[in-house]
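Open the model in your viewer and keep the selection tool at hand. The tour moves from one stop to the next, with a short note at each.

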Amino acid sequence: MYMEEKNQNRNQNPEQQQTPHKRRVRYKGTHPRRFEEKYKELNPEKYADTISKVIKKGGTPAGMHISICVNEILDFFDIQPGQQGLDATLGYGGHTSKMLEKLQGEGHIYGLDVDPIESAKTKKRLEDLGFGEDIMTVRQMNFADIDQIAEEAGPFDFILADLGVSSMQIDNPERGFSYKFDGPLDLRLNPQAGISAAERLKEVDREELAGMLVENSDEPYAEEIARCITGAVRRGEKVDTTTKVRELIEEALSFIPEKERKEAVKKACARTFQALRIDVNSEFEVLYAFLDKLPHVLAPGGRVAVLTFHSGEDRMVKKSFKQYRKAGLYSEISDDVIRPSAEECGRNSRARSTKLRWAVRAE
């Protein structure tokens, strides 16, 4: 009888046979390291308790971004129902969701982001929170083009620009933003446009790369690192992964005494990846265009807040605000940089390098 049933099952139409059960990727141990294995953190709606535990420990859950200086920004904007705002760098949408709450269903916010992957996720996330197209418009576009969105929407009462890279981009190895994870050396905010950092390294010489490292990240070992990387490319080695770049930096700094080398390599890696990212995405050029157009898209009395994460960005914002206050376009600017509180930095280590500056459009 058993053999008869077995033969019947064997002769079944393939479409009638059951599909083998595929097990979900689960945590390996209690603390998984690989981004794709953190299925609980990647599903915050389903595993809220896990998300809460990670945040309480001062970490950022995989695939999420914790917004910085939210209260300081909201206090400065003093958003009123019926106003119109712009989040020039939408990201995860944390700042935007809080600004939308302040509108109390009246008014509108436009959100811009050049990243097609994350902007689509954020649009859905905001819709799930109840912020539909009647009050929120998401556009995949570069914030250098704020004049284009202003032509359509009119002047803005408040504008926020949170510069840099979001945590969900940094933590995803497939995006290649961090030396801490092995992945393709990409670093593009929009992976569908331009060339990757790996392709960029094929076309730069030692002098240009050294200049890039100095200008974009104040790298003290720019010459040594540039010589090592361009030498590897010239020898025909593939410099197309984050790990390979880290290894070349370790090689370039091998002359540093061993007890100091680990920390020096860590800092040099962070600065090198920052410099490559700024170059690949033309971040300084984009920021310059944004700051140049900014006072012209603000309504009289309109307010702008900009969050920066390294000295190059902050210098540009500070210079632009001072220039346009002198020209009479801004009535007020922040004289001193605003830093996140010690408490916030304790909760979110990525807040430590943040600087906030603001300006008010003249009436």
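Start with E283. E283 counts as buried because its relative accessibility is 11%; buried means under 20% relative accessible area, exposed over 50%, and partly exposed in between, with a 1.4 Å probe and protein chains only. E283 lies in helix α13, residues 283-297. Now show what surrounds E283. Leaving aside neighbours within four places in sequence, E283 is in contact with L189, R277, I278 and E313. Contact means heavy atoms within 4.5 Å.

A word on the model. This is a predicted model, in which local features need pLDDT of at least 70 and side-chain atom pairs count only at pLDDT 80 or more, while totals for chains, interfaces and linings use all residues. Residues are numbered from 1 along each chain as its sequence is written, and side-chain values use heavy atoms, with hydrogens and water left out.

**The whole protein**

Zoom out. The protein has 15 helices and seven strands. Helices (H or I, at least four residues) and strands (E, at least two) are DSSP runs, numbered from the N terminus. Of the 363 residues, 50% are buried. Among contacts with a separation of 6 or more, 68% are between residues 24 or more positions apart.

**The sheet**

Select the strands. Seven of them form an open sheet in the order β3-β2-β1-β4-β5-β7-β6, with mixed pairing. Two strands pair if DSSP finds at least two bridges between them. Colour β3 (136-139) and β6 (330-333): they stand at the edges, each with a single partner strand, so one side of each has no neighbour in the sheet. On average, neighbouring strands of this sheet are turned by 15° against each other, direction ignored.

Next, pick β1, residues 84-87. Four bridges join β1 to β2, and the two run parallel. Look for L86, which stands opposite Y110 in β2. Three bridges join β1 to β4 (residues 156-162), also a parallel pair. Here G85 stands opposite F158 in β4.

Axes are lines fitted to C-alpha atoms, for helices over the stretch in contact, and angles run from 0 to 180 degrees between N-to-C directions.

Stay on β2, residues 108-112. Is this strand mostly covered or mostly open? Mostly covered: five of its five residues are buried. H108, Y110 and L112 point one way, I109 and G111 the other.

**Two helix pairs**

Select α3 (residues 70-77) with α4 (residues 94-103). Their axes come within 11 Å and cross at roughly 35°. V70, I73, L74 and F77 in α3 meet H95, K98, M99 and K102 in α4. By class, this contact has five nonpolar, one polar and two charged residues. Ala, Val, Leu, Ile, Met, Phe, Trp, Tyr, Cys and Pro count as nonpolar, Asp, Glu, Lys and Arg as charged, and the others, Gly among them, as polar.

Finish at α10 (residues 222-234) and α11 (residues 242-252). They pack at about 125°, with axes 9 Å apart. That makes α10 oblique to α11; under 35 degrees counts as roughly parallel, over 145 as roughly antiparallel, 65 to 115 as roughly perpendicular and the rest as oblique. E224, I225, C228, I229 and A232 in α10 meet V245, L248, I249, E251 and A252 in α11. This contact has eight nonpolar, no polar and two charged residues.
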